[in-house]
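Please open the structure in the viewer and keep the selection panel at hand.

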Amino acid sequence: MTDRIPSTDDDARSEFVRLADVSKSFGQAAQALKDVSGIISGGRITGLVGPDGAGKTTLIRLITGLMQPDGGSINVLGFDTKLHAPSIQALIGYMPQRFGLYEDLTVQENLNLYADLRSLPLGERPAAFDELLTFTDLKRFTGRLAGQLSGGMKQKLGLACALLKKPRLLLLDEPGVGVDPISRRDLWKMVKDLTKDGIGVLWSTAYLDEAEACDKVLLLNKGELLFSGPPADLTNRVKDRVFKFTGISGSRRQALSKILEQQGVVDGVIQGDAVRIVTSAEAKRSELTKIAGNTAKIRATEPRFEDAFVDMLGGGPGGRSKLAEAATRLDDQNGKPVIEAHGLTKNFGDFTAAKDITFDIPRGQIFGLLGPNGAGKSTTFKMLCGLLKPTQGEGRVAGFDLRRDGAEARNRLGYMAQKFSLYGDLSVGQNLDFFAGVYGLSGSRKRERISLMNEIFSFAARDNLPAKDLPLGLKQRLALACAVMHEPEALFLDEPTSGVDPITRREFWTHINGLVEKGVTVLVTTHFMDEAEYCDRISLIYRGRSIALGSPDELKAGVATKTQPDPTMEDAFIALVEASEREAAA
Amino acid sequence: MTSVSLSKTTEPARVRRFFALVRKETFQLLRDPSSILIAFVLPVVLLFLFGYGVSLDTGQTRIGLVIEEQTPLAGDLAASFRGSRYFDVETGRDRREFDAKLVSGEIRGIVIIPAGFTSDFAAGMNPQIQVIVDGSDTNTAGFVQNYAQGVIAGWVAIRLADMGVQKDGSASAISVEQRFWFNPELTSRFFLVPGSIAIVMTLVGTLLTSLVIAREWERGTMEAIMATPVTSAELLMGKILPYFVLGILSMTLCVIIAVFLFGVPFRGSIFALYLLSAAFLVPALGQGLLISAATKNQFLASQLALISAFLPAFLLSGFLFEINSMPVVIQWITFVVPARYLIPSLQTLFLAGDIWPMFLKAMAVMLFIGSVFFVLAARSTRKRID
């Protein structure tokens with residue numbers, strides 16, 4: 001690359017952004033940012049980490065000078081954002097959440113536009129374009145409209161546009177969301193290379209595994225900065241307190257539920273066939289056997305960023321689910337699977353959105369459809385719910401083909417749509433009332449169920465608040481309440497916890513685990529690797545096909561190598577996709 | 001890379017950024033079928049609609065004819081009414097027979113030939129014919145009234161001629177009026193076509209402009225562009241120029257169709273036509289910018305544009321409804337509707353020719369309204385997203 005900034009250590013590690021007591025609020029709503037102070041340095045990837053609504057996007061916009069703080073100040077590359085926004089904008093590259101591309105312009109036209117807007121001298125263009133197109137592997141697609149690129153390619157083009165005229169500071173707002181793990185990994189490598197030239201990078205993310213890979217993180221929660229420093233410093237706080245229980249006899253969901261109720265346990269999640277727990281600082285190693293019971297094996301394991309984050313937030317919720325306790329037990333009547341997909345295929349014109357998807361889910365199990373956005377998860381999901389007519393194949397829920405069998409059959413399933421599609425203008429109470437009505441509840445049973453939901457999820461205080469004004473975590477609870485109010489046999493969850501904070505996610509899964517133990521059958525779609533760990537079995541969906549099917553541990557074990565003895569779900573996904581592509585090429 | 005000098009952008013960089021935005025906008029425009037639809041297909045549809053479909057002249061209007069005296073003379077006048085191609089006549093002897101029908105809208109007016117009609121006429125007095133119309137529909141009411149007068153005047157003229165009475169020119173005076181009113185089909189088309197040009201330019205200038213800016217907010221591209229060194233003036237001008245050109249092209253298409261297809265006379269100069277249109281596009285585009293600054297959502301922008309620009313241009317501009325017959329308060333409102341100034345000027349331009357004092361005054365007012373919109377839009381479109 002031409003015109004490199006000398007990357008001596010001093011220079012590269014210099015201070016690029018200084019945040020001093022930055023505050024920002026919008027109208028009457030809760031403060032978006034409260035007294036955030038921190039430093040973003042050159043030559044590093046600084047992770048801006050936190051759940052949705054934590055204030056990440058607001059902070060990035062403040063750094064670009066497109067918004068002004070209510071209190072405090074921000075200095076970017078020697079300029080104050082209040083006074084010298086244009087100077088800052090000449091020096092930064094910014095990729096907003098939807099990549100900022102013009103979908104009706106071609107790849108080359110997008111590059112030309114941003115080159116002009118950033119005043120890249122004409123003489124430097126051929127070299128810069130060539131370099132960026134090679135770097136992003138988009139050379140073959142310069143004539144294609146940006147709208148017709150895949151998610152991963154759009155993301156790379158967005159990055160290329162932000163990198164024209166070599167910015168000194170690169171701001172990336174959730175570049176990894178919804179993109180397949182391979183593109184995500186490629187992008188990370190590309191950005192990592194940039195830091196070698198001394199460019200400072202701010203990478204915002206809700207994925208805590210991404211945080212772990214950053215040189216430094218700023219951890220935001222509800223507008224407050226919880227931690228600033230290398231991620232290992234935070235992770236080390238829970239050092240020697242993280243354990244994996246394997247060889248659990250009986251249900252790992254029941255085991256987790258019990259474990260979480262024990263003294264000295266701060267957090268616990270299901271990881272394939274194992275249960276991962278974090279103990280409190282006071283808990284003694286000797287107490288662990290008591291916690292685990294007799295049969296389980298205990299193994300100390302490497303702490304992760306998420307463990308430390310949950311610990312910092314005061315630990316996860318308990319293991320009891322009032323919702324599940326109140327649920328009626330559904331007995332296995334005939335041993336038949338509750339949800340069945342046989343060769344489901346859907347073509348839109350000559351595009352095959354889903355091809356030959358086959359699986360079945362026995363009663364009381366969680367099945368996951370795992371894959372990046374646009375892979376065909378939602379299409380499969382909709383065919384099973386009866387919302388889309390399959391081109392070929394058949395889907396059945398509780399023995400019904402939902403496309404033919406009407407309301408009666410539909411009452412047996414609960415559906416929680418992506419992004420919690422509630423009626424934003426209706427209050428909490430009205431939403432509950434409406435969904436109860438839609439699912440055919442009436443009279444005393446309706447009143448009973450609604451008051452039970454209010455009790456379980458503590459909506460009472462906000463009963464009159466419009467759903468759109470609820471905090472994200474509460475919205476998610478309300479969506480769950482609306483979906484399970486009528487005690488469905490099968491529960492369809494579409495990206496149920498993407499972007500929510502880890503505490504809310506744990507609470508959600510505690511409910512789901514409890515319901516599953518009572519005999520509810522769950523189908524979940526997710527692009528979120530951690531969520532896949534909660535499933536009994538998963539199907540990896542990639543480009544409309546199921547490329548692998550098995551339990552999380554089976555899938556992970558299948559790709560284990562000598563160099564990678566303990567792969568993560570994401571490693572497994574990438575390895576399986578690569579294998580399927582080699583097969584397709586052969 | 002030097003950082004300090006970058007804050008002061010050089011002229012060429014400024015110009016290049018501006019043209020980059022114009023080029024981008026043009027590409028988008030050409031690839032978006034909906035802009036082509038609004039700018040070129042809609043005008044054609046609108047012109048055909050107004051040119052052929054809508055005529056403000058009623059074809060046959062149902063009226064009630066009350067004949068209070070049974071004389072040959074009254075019968076003769078009644079026959080004239082029945083013979084008129086504009087009326088579908090129902091005859092009766094008492095007006096009360098028709099009161100209810102008028103209220104229900106079954107008939108549009110009542111014409112009464114009163115008792116004493118024959119004797120009045122014989123005495124040389126003007127015959128007193130009463131015309132009752134439904135004032136809730138002013139247009140139709142006006143036509144009924146005027147046509148009825150026409151029928152009567154025609155009948156009087158023929159009568160007088162038959163009687164050999166020479167009342168120096170009075171008959172011909174009536175016939176002049178008769179020709180004016182009875183040539184309405186052509187007149188209304190001639191008046192409607194120039195008016196629809198104003199409507200089309202309002203659609204392109206205000207609706208399309210506000211939509212494309214709202215779309216940039218919705219798709220998140222505005223944010224990405226704002227974080228580059230581009231200035232808000234460049235951003236606004238880069239949006240406006242392509243739509244200005246599109247508005248002018250769309251207007252040209254309208255004029256070609258109007259003149260060559262509908263045979264609307266074009267008695268003014270092309271120079272005046274373009275000058276007037278350009279002046280009108282200033283407030284139209286300004287309003288589009290203002291709307292998009294106020295809302296960053298395409299649905300809301302289209303609603304606002306329709307209500308605040310399209311409907312006033314239609315209803316409050318004198319295009320379809322006579323401003324003088326509106327309630328006074330509404331008449332005040334029409335003063336801020338830019339189309340109110342363009343439409344009479346265009347009508348004059350087409351039918352009469354260049355009348356510069358009128359055009360200059362209209363342009364001055366339109367430019368003034370436009371500059372108010374622009375100042376307001378510029379103030380609310382800072383390079384900020386909160």
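Select chain B: of its 386 residues, 37% count as buried, where buried denotes 20 or more other C-beta atoms within 10 Å of the residue's own, exposed 12 or fewer, and partly exposed a count in between, with C-beta atoms placed from the backbone. The model is predicted: local features need pLDDT of at least 70, side-chain atom pairs count only at pLDDT 80 or more, and totals for chains, interfaces and linings use all residues. Residues are numbered from 1 along each chain as its sequence is written, while chains are lettered from A and ligands numbered from 1 in the order in which they are written.

Colour chain B by secondary structure to display 15 helices and four strands; helices (H or I, at least four residues) and strands (E, at least two) are DSSP runs numbered from the N terminus. Among contacts in chain B between residues at least 6 apart in sequence, 80% join residues at least 24 apart, a contact being two C-beta atoms, placed from the backbone, within 7 Å.

Next, select A:Met485, A:Val522, B:Ala198, B:Leu276 and B:Leu342, which touch the most other members of the largest nonpolar core, a set of 237 residues. Such a core consists of buried Ala, Val, Leu, Ile, Met, Phe, Trp, Tyr and Cys residues joined through C-beta atoms within 7 Å. Helix 8 (residues 184-219) of chain B supplies the largest share of this core, 16 residues. Centre the view on B:Ala198: beyond its neighbours within four places in sequence, its contacts include B:Phe280, B:Ala313, B:Phe319, B:Leu342 and B:Leu346. A second, separate core of 24 residues can be found by selecting B:Tyr86, B:Ile107, B:Phe143 and B:Trp155, which are among its members.

Move to chain A and select helix 21 (residues 552-559), in which A:Pro552, A:Leu555 and A:Lys556 are buried. Viewed down the helix axis, the buried residues of helix 21 of chain A fall within an arc of 95°, so they line one face of the helix; the arc is that of the directions from the helix axis to the C-beta atoms. Show also helix 20 (529-532), strand 22 (537-542), strand 23 (545-550) and helix 22 (569-585) of chain A, against which these buried residues pack.

Finish with two backbone details. A:Asp240, although not a glycine, has a positive phi of about 65°; A:Asp240 lies in the loop between helix 9 (231-235) and strand 11 (242-246) of chain A and counts as exposed, with 11 C-beta neighbours inside 10 Å. A:Asp356, also not a glycine, has a positive phi of about 50°. A:Asp356 is located in strand 16 (residues 351-361) of chain A and is partly exposed, with 15 other C-beta atoms within 10 Å.
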